[in-house]
Amino acid sequence: MRTILFLNPVFKQMVWGGNQLGDKFGYAIPGDDTGECWGVSAHPNGKSIVREGLFKDKTLSRLWRENPELFGNIDLQFFPLLTKIIDAKGDCSVQVHPGDEYAREHENGSLGKTECWYIIDCEEDAAIVLGHNARSKEELTSMIEQKKWNDLIREVIVKPGDFIQVDSGMVHAIRGGMMVLETQQNSDITYRVYDYGRKIDGKERELHIKQSIDVITVPAPSVEESVKSTVHMPKNRMNELISCHSYVVWKLDITEKLTFEQSHPFMIMSVIEGEGEIDGHKIKKGDHFILPDGYGHVDLQGDMVIIASSVK
Ligand code: ZN
């Protein structure tokens with residue numbers, strides 16, 4: 001259908017959140033501890049609502065149920081992806097997500113979660129947690145039980161424009177001083193491995209040690225397999241960043257114009273820098289929208305960076 005579903009984002013306040021989503025993206029954030037902007041979400045914990053046009057005021061989850069033709073009539077119970085912009089002022093807890101199979105069995109039939117990050121901005125020498133140094137499940141278990149966190153956790157230095165694939169089973173954490181666009185499976189199942197001994201209202205947050213040990217992949221995939229720089233990718237074309245069982249993600253760095261056919265069941269787009277136009281509609285940093293199934297020819301022009309995603 002030749003309509004663009006512009007969506008209003010949902011904000012989440014977090015212990016590690018900040019004010020960059022207001023200061024840098026111009027959103028009306030609810031407080032100085034705003035950690036996440038859910039740009040495209042049909043999750044019950046935060047539902048995107050259509051901003052204008054034919055489907056104005058409908059939630060994405062309702063459209064998924066009532067107008068499946070907009071999304072290529074995919075045979076899935078829920079909209080499969082969730083796109084967030086994360087402002088981590090403080091360190092996020094070290095966590096791991098289960099795969100689909102483990103989640104189905106242990107989490108009431110829920111989906112597992114694979115996610116990926118595009119680093120929008122970070123401080124010099126900023127590091128993320130990505131993977132671990134244990135060589136066997138036994139070593140992993142004993143390092144966790146003996147709380148040898150510094151030996152266990154693998155830190156990786158990142159730069160703006162880096163793209164990181166975080167498969168289910170991969171230990172990970174975004175660290176303070178970072179803004180990230182996250183594309184993920186539409187699931188909220190998270191096992192917290194370690195929270196830096198941090199206390200909130202005098203109490204440490206619950207850890208999920210048994211589940212974590214069950215699902216952590218040993219050994220961890222290499223850093224080279226998981227991290228790639230995108231800064232030298234060509235401009236004015238669709239650069240595929242990843243294609244996996246859960247999603248396909250592209251980076252579009254537009255300085256002039258880009259035209260292509262939207263032939264996927266749907267395509268999510270988030271403008272993370274600059275401004276421009278899509279088929280005569282003005283778009284700018286912070287806009288999130290979906291091009292439905294059968295949209296056809298797409299004309300983008302301006303000076304902007306877009307992260308796009310779909311399913312295979
Ligand atoms: Zn995660």
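Biologist: Before the labels, what are the ground rules?

Modeller: This is a predicted model, where local features need pLDDT of at least 70 and side-chain atom pairs count only at pLDDT 80 or more, while totals for chains, interfaces and linings use all residues. Residues are numbered from 1 along each chain as its sequence is written, and side-chain values use heavy atoms, with hydrogens and water left out.

Biologist: What makes the contact between E66 and K58 a salt bridge?

Modeller: The term asks for a side-chain nitrogen of Lys or Arg within 4 Å of a carboxyl oxygen of Asp or Glu. For E66 and K58 the N to O distance is 4.0 Å, so the pair counts under that cut-off. The structure holds 19 salt bridges.

Biologist: And why is K58 called partly exposed?

Modeller: Buried means under 20% relative accessible area, exposed means over 50%, and partly exposed is in between, with a 1.4 Å probe and protein chains only. K58 comes out at 22%, so partly exposed is the label.

Biologist: How do you know whether K113 and E115 are buried or exposed?

Modeller: Check the percentages. K113 has 4% relative accessibility, so it counts as buried. E115 has 2%, so it is buried too. These two form a salt bridge, with the closest N and O atoms 3.9 Å apart.

Biologist: What about E155 and R175: what makes that pair a link between distant parts of the chain?

Modeller: First, their side chains meet in a salt bridge at 2.9 Å, N to O. E155 is in strand β11 (residues 153-157), whereas R175 is in the loop between β13 (172-173) and β14 (178-185), 20 residues apart. As for the labels, helices (H or I, at least four residues) and strands (E, at least two) are DSSP runs, numbered from the N terminus. E155 has 47% relative accessibility, so it is partly exposed, while R175 has 15%, so it is buried.

Biologist: Which residues are linked in a network of salt bridges?

Modeller: E36, K84 and E182.

Biologist: Now R192. Why does R192 have no salt bridge?

Modeller: Lys and Arg count as positive and Asp and Glu as negative, with His and the chain ends not counted. For R192, which is buried, the nearest side chain of opposite charge is D195, 4.8 Å away. R192 lies in strand β15 (residues 191-194).

Biologist: What makes its approach to S93 a polar contact?

Modeller: The rule wants a pair of N or O atoms within 3.5 Å; within protein, one must be able to donate a hydrogen and the other to accept it, and residues adjacent in sequence count only if both atoms are side-chain atoms. The side chains of R192 and S93 come in at 3.4 Å, so the distance passes.

Biologist: Y194 is in strand β15 too. Why is Y194 called buried?

Modeller: Its relative accessible area is 16%, so the buried label applies. Contact means heavy atoms within 4.5 Å. Leaving aside neighbours within four places in sequence, Y194 is in contact with S93, V94, W149, I153 and L207.

Biologist: Why are D57 and D201 called exposed?

Modeller: D57 has 56% relative accessibility, so exposed it is, and D201 has 81%, so that residue is exposed as well. D57 has a positive phi of about 75° although it is not a glycine, and phi of D201 is near 50°, again positive in a residue other than glycine. D57 lies in the loop between β6 (49-50) and α2; D201 is in the loop between β16 (199-200) and β17 (203-204).

Biologist: Which peptide bond is cis, the one that joins V218 to what?

Modeller: It joins V218 and P219, with omega about -15°. P219 is found in the loop between α6 (209-215) and α7 (223-226).
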